[in-house]
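Please keep the sequence and the model in view while reading.

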Amino acid sequence: MRFWFRRVNWPRNKGPTMPGFLKEFFNRNGIGMGAAILGLVLFWTIGLIILPQLSMLDFSFRPNLPPPEIGGPKDVYTLENYKYLIYGPEGGSQSYNAVDLRVFFRTLLAAVCVTVFNLILCYPIAYYLGQSKGNHIRIFAIMLIIPYWINEILRAFALRIIFGETGVLNTLFVGLGIWDTPFDFIRNDIALYAGLGYAYILLMIFPMYNVIESLDKNQIEAARDLGAPWWRIHWRVVIPYAKPGISSGCTMVFMLSAGALAAPQILGGPSSLWFTQLIYQQFNDNNDWPQGAAYAIVLLVTCILFVLAMMRLFKVNMGDIGK
Amino acid sequence: MSELNLTDVAKTYGNVDVLKNINLDIERGELIVFVGPSGCGKSTLLRMIAGLEKITGGTLEIEGQVMNDVPPAQRGIAMVFQSYALYPHMTVRENMAFALKIAKMPSDEVDAAVDRAARILQLEPFLDRLPKALSGGQRQRVAIGRAIVRDPKVYLFDEPLSNLDAALRVATRIEIARLKEAMPDSTMVYVTHDQVEAMTLATRIVVLANKGIAQVGTPLELYETPDNEFVAQFIGSPAMNLLPGVITQTGERTVVKLDGGGTAVTSIPTDAADERKQVNIGVRPEDFHPVESNPIMEGIVDFTEALGEVTLLYFAAKDGEDATIAKLPGVQKNMRGQTVAVSADPGKVHLFHQGLSMRK
Ligand SMILES: Nc1ncnc2c1ncn2[C@@H]1O[C@H](COP(=O)(O)OP(=O)(O)OP(=O)(O)O)[C@@H](O)[C@H]1O
Ligand SMILES: [Mg+2]
């Protein structure tokens with residue numbers, strides 16, 4: 001994901017000669033090895049990342065045609081697929097594609113909620129890990145990491161065991177007499193939020209932990225000495241310092257939640273579709289690749305624009321995110 | 001009036017004693033310097049006064065009020081940290097105003113206080129800069145400014161100059177001395193590793209060692225009449241030479257026959273009961289002078305250090321013995337390999353028995 005953000009400093013005014021960094025690169029690795037490494041890197045970035053994405057972009061502007069007509073006279077660029085998301089099928093009963101648009105905005109909103117929820121949950125953990133010393137920190141970190149050895153599907157289904165109608169929580173609360181009837185965590189999307197939140201905890205904790213760990217303890221002590229209460233120490237000292245970590249954690253969690261598929265599939269209520277599920281349906285069930293590509297690209301571009309807007313709002317630089 | 005009063009103050013981490021039986025009275029307007037070897041608890045003691053570290057025994061009073069459990073901001077103290085601890089996202093002005101804003105001071109008073117401190121510290125041109133756009137010395141001044149604006153009763157400094165280079169350190173040291181003169185009523189407690197800082201700034205020095213206070217006194221008292229061998233060797237550079245011997249004659253003046261063969265006379269009086277006691281005499285390198293006869297110590301120079309104004313001679317009576325050091329004025333050429341015989345005035349010869357000074 002990060003490759004979008006990496007700033008490329010192309011050397012300027014070098015004329016037709018080989019740029020300095022390339023020369024140095026070849027000097028260090030030798031021509032043969034250097035060419036091999038360069039070739040692999042180019043193959044990776046261009047062949048495996050850029051070209052497929054570009055062809056998706058190309059797809060999204062074409063009509064969905066049966067194979068014999070591809071390349072034929074009907075295969076022209078069109079905005080139909082994008083219009084479809086907004087206006088729905090031509091001659092449809094509604095003037096807007098209310099269903100898909102609602103799913104789209106609900107997905108974005110839910111991803112924001114998951115991000116905020118995760119931030120609130122993870123900040124204290126990251127602060128604790130970053131500011132205390134000793135071996136227990138390592139054990140704590142291992143305990144956070146090991147659950148990620150278990151694959152995504154298994155983790156999601158495990159949450160169903162906890163949140164299901166006859167699941168652990170309902171059995172417990174009904175048994176204790178706190179609730180009369182089982183609470184439907186799944187239909188109310190609580191299981192989904194928990195699953196998404198849980199899936200990205202590490203991505204939120206580690207960037208924040210990294211930054212907070214480097215915070216000079218004296219800054220906190222100085223704030224205490226200067227009379228700041230604990231919440232103010234966080235608000236005025238720790239959070240501003242941790243901003244790069246917070247923004248990079250939030251960006252990742254937001255992007256990945258908005259683009260998640262397995263968790264919504266398994267933990268989402270029957271009535272609640274995630275936008276990725278719509279995309280999946282277009283590709284898979286409707287076999288309409290151009291439509292799927294258009295949806296996916298709308299999601300991608302919206303997410304990027306949203307993140308950029310948030311970064312501007314909170315005065316975060318691109319460079320900070322890479323920290 | 002006693003500004004700061006420590007009675008039997010102690011600090012333990014778990015079951016490890018770091019400090020115990022600290023008794024200290026600090027008068028208003030004093031500049032007290034804590035010195036001692038690394039890890040002896042100087043910072044810990046300072047932080048206990050600041051309220052950043054819990055006091056596990058004894059009482060701390062500031063202006064007669066027990067402060068053991070009072071939070072840092074309400075103790076009337078202000079601390080300056082070694083790492084400056086400035087907030088990188090705040091301008092110099094915001095850094096200096098931080099405490100006042102928290103205390104909800106009206107903003108015109110805040111501005112006035114910050115401007116006054118900035119004028120004293122010559123920080124006016126930098127008020128709108130971020131700390132990263134300042135030099136080390138300027139950052140240090142901002143950190144001091146952040147303390148000054150609060151007008152505290154007691155300033156606490158933990159090695160404030162140790163991150164500066166040598167030249168800047170001297171300049172800032174002089175500034176701190178000036179600052180102290182400009183604020184005769186404020187009390188300062190200052191931790192340092194640097195002897196020169198301690199000797200030049202302190203009204204009194206507290207030497208910490210072995211979990212307690214080894215001696216408290218003015219710089220010259222510590223230099224001229226150290227209570228024990230530890231302080232004798234800790235204050236002054238190079239350290240005082242200690243030479244073992246036996247008292248052979250007591251009275252107004254005491255004569256010590258040294259194990260190395262020499263004889264030392266000291267003006268410290270002793271009783272007849274002290275005769276034949278095993279003692280160490282102490283002589284500072286700068287108090288040695290060459291003599292023709294009756295030396296305290298004689299040996300072969302195996303190393304010299306020429307510092308220009310003085311020359312240090314490292315010599316030993318026998319190979320493999322700890323070197324004795326003499327500091328002779330001026331440039332002494334071609335001393336290496338030569339035999340030197342040195343002595344010292346009786347008034348400059350210290351006398352220690354079982355580590356403690358025999359001076360009454
Ligand atoms: N949190 C802690 N837990 C256990 N021991 C500690 C803790 N903090 C400090 N100590 C111990 O207390 C002793 C005093 O530490 P302190 O930092 O006060 O020394 P110092 O005199 O300031 O040393 P320096 O000159 O190196 O700054 C040290 O031996 C240190 O190991
Ligand atoms: Mg210290």
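Is B:Glu53 buried or exposed? B:Glu53 is buried, because its relative accessible area is 16%, and buried means under 20%. The model in which this residue sits is predicted.

**The surroundings of B:Glu53**

- B:Glu53 belongs to the loop that runs between H1 and strand S4 (57-62) of chain B.
- Leaving aside residues up to four places away in sequence, B:Glu53 touches B:Lys11, B:Tyr13, B:Thr44, B:Arg47 and B:Met48.
- With one of these, B:Tyr13, the side chain of B:Glu53 makes a polar contact of 3.2 Å.

**The site of ligand 1**

- An N or O atom in the side chain of B:Tyr13 lies 3.2 Å from a nitrogen atom of ligand 1.

**Helix H2 of chain B**

- Helix H2 (residues 92-102) of chain B is largely enclosed by the rest of the structure, because eight of its 11 residues are buried.
- Among the buried residues of H2(B) are B:Val92, B:Asn95, B:Met96, B:Phe98 and B:Ile102.
- The cover over the buried residues of H2(B) comes from both chains: it includes helix H10 (217-225) and helix H11 (230-258) of chain A, along with helix H3 (107-120) and helix H4 (136-148) of chain B.
- Just after H2(B), B:Lys104 adopts a positive phi of about 60°.

**The contact between chain A and chain B**

- Chain B brings 23 residues to the contact and chain A brings 17 residues.
- About 1700 Å² is buried between the two chains, and carbon and sulfur atoms give 57% of this area.
- Of the area that chain B buries against chain A, B:Tyr87, B:Phe98 and B:Ile102 supply 28%, more than any other three residues.
- Two of these, B:Phe98 and B:Ile102, are buried residues of H2(B).

**Chain A**

- Chain A has 15 helices and zero strands.
- The C-alpha trace of chain A spans about 75 × 70 × 35 Å along its principal axes.
- Chain A comprises 323 residues, of which 38% count as buried.
- Where contacts in chain A link residues at least 6 apart in sequence, 63% of them join residues at least 24 apart.
- Chain A exposes about 19300 Å², and 67% of this is supplied by carbon and sulfur atoms.
- A:Leu121 is placed in helix H4 (residues 98-131) of chain A, and this residue counts as partly exposed because its relative accessibility is 37%.
- A:Leu121 and A:Gly197 are 76 residues apart along the chain, and their C-alpha atoms are separated by 9.2 Å.

Methods
Residues numbered from 1 in each chain as written. Chains lettered and ligands numbered in written order. Predicted model: local features only at pLDDT ≥ 70, side-chain atom pairs only at ≥ 80, totals over all residues. Heavy atoms only, no water. Polar contact = N/O pair within 3.5 Å; in protein donor to acceptor, adjacent residues only side chain to side chain. Buried < 20%, exposed > 50% of the residue type's maximum accessible area, 1.4 Å probe, protein only. Helix = DSSP H or I, 4+ residues; strand = E, 2+ residues; numbered from the N terminus. Contact = heavy atoms within 4.5 Å. Buried area = accessible area lost by both parts, 1.4 Å probe. Areas by Shrake-Rupley, 256 points an atom, 1.4 Å probe, with all protein chains shown as cover.
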